[in-house]
Amino acid sequence: MTMRPGTERKLLDAAEELFFTRGIAATPIDAVLERAGVSAATLYRGYASKEALVAAALERRHDEWLRVWDEALARASDDRGRVLAVFDALDAFRSTPSGSRWCAFLGTASEYADAPDEITVVLHHETATLRSRLRDAAVPLVGVGAAEGLADRLLLVVSGALAMRLRGDADDTATARAVAAALLP
């Protein structure tokens, strides 16, 4: 039996809100069920475990993040702007209802010394997507041969900008954008 879309949305909303603000380990599944207003039987009809629910919440968040990033890319007027659009997207995503004080993917990765397979797959997919999109945006500026290295450096800047949010030092991405811009020709 499958879960109704409205029930699944409530469950994923509750999971996102609690897991990505309080922490996965600190949030018992009962708290998610209470927030969503669903039973354990309903949860396990759609998700085999707490980790499967975390993975589903991350997948949904990834889809939303890509939508926001695509909007920022569409507004970019040149090749440099398309590379730097990731920072516009970070700022825009943070102001959405699903935005949080930093990165749900980095937060999830930090909670597991040895993440379960369903979470590892989602985390690797998110990193690979981020890297490949940065690489693709860099190709017109530096060529195919140098785009991979530039994408790795940009990924480091993006990750650092997200981590700085935990310190309360970075309300926006201005510093990270300046560092990234200095990497570009």
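Arg67 is partly exposed, at 37% relative accessibility. Its salt-bridge partner is Glu71, with an N to O distance of 2.4 Å between the side chains. Glu71 is also partly exposed, at 38% relative accessibility. Both values count as partly exposed because they fall between the 20% limit for buried and the 50% limit for exposed.

This model is predicted. In it, Arg67 and Glu71 share helix α4, which covers residues 50–75. The two residues sit 4 apart in the chain, about one turn of the helix.

How accessible is Arg35? Arg35 has a relative accessible area of 39%, so it is partly exposed. Glu17 reaches 42% relative accessibility and is likewise partly exposed.

## Other salt bridges

The structure holds 14 salt bridges. One of them joins Asp136 to Arg135, where the closest N and O atoms are 3.4 Å apart. Asp136 is partly exposed, with a relative accessible area of 49%. That value stays under the exposed class because exposed means over 50%. Arg135 has 27% relative accessibility and counts as partly exposed.

Arg9, Asp13, Glu16, Arg60 and Arg61 are linked in a network of salt bridges.

## The largest pocket

The largest pocket holds about 370 Å³ of space. Its lining comprises 23 residues. Closest to the pocket centre are Cys103, Phe105, Leu106, Glu126 and Leu162.

Which elements give two or more residues to this lining? They are α4, α5 (79–94), α6 (104–111), α7 (117–142) and α8 (144–167). Helix α7 gives the most, with 6 residues.

By residue class, the lining of the largest pocket divides into 14 nonpolar, 5 polar and 4 charged residues.

Methods. Residues are numbered from 1 along each chain as its sequence is written. This is a predicted model: local features need pLDDT of at least 70, side-chain atom pairs count only at pLDDT 80 or more; totals for chains, interfaces and linings use all residues. Side-chain values use heavy atoms; hydrogens and water are left out. A salt bridge is a side-chain nitrogen of Lys or Arg within 4 Å of a carboxyl oxygen of Asp or Glu. Buried means under 20% relative accessible area, exposed over 50%, partly exposed in between (1.4 Å probe, protein chains only). On a 1 Å grid over the protein atoms alone, a cavity is a set of points where a 1.4 Å probe fits but cannot get out, and a pocket is an open set with protein on both sides within 12 Å along at least five of seven lines; lining residues have an atom within 4 Å of a point. Grid points are joined across faces, edges and corners, and a volume is the space filled by probe spheres set on the points. Ala, Val, Leu, Ile, Met, Phe, Trp, Tyr, Cys and Pro count as nonpolar, Asp, Glu, Lys and Arg as charged, and the others, Gly among them, as polar.
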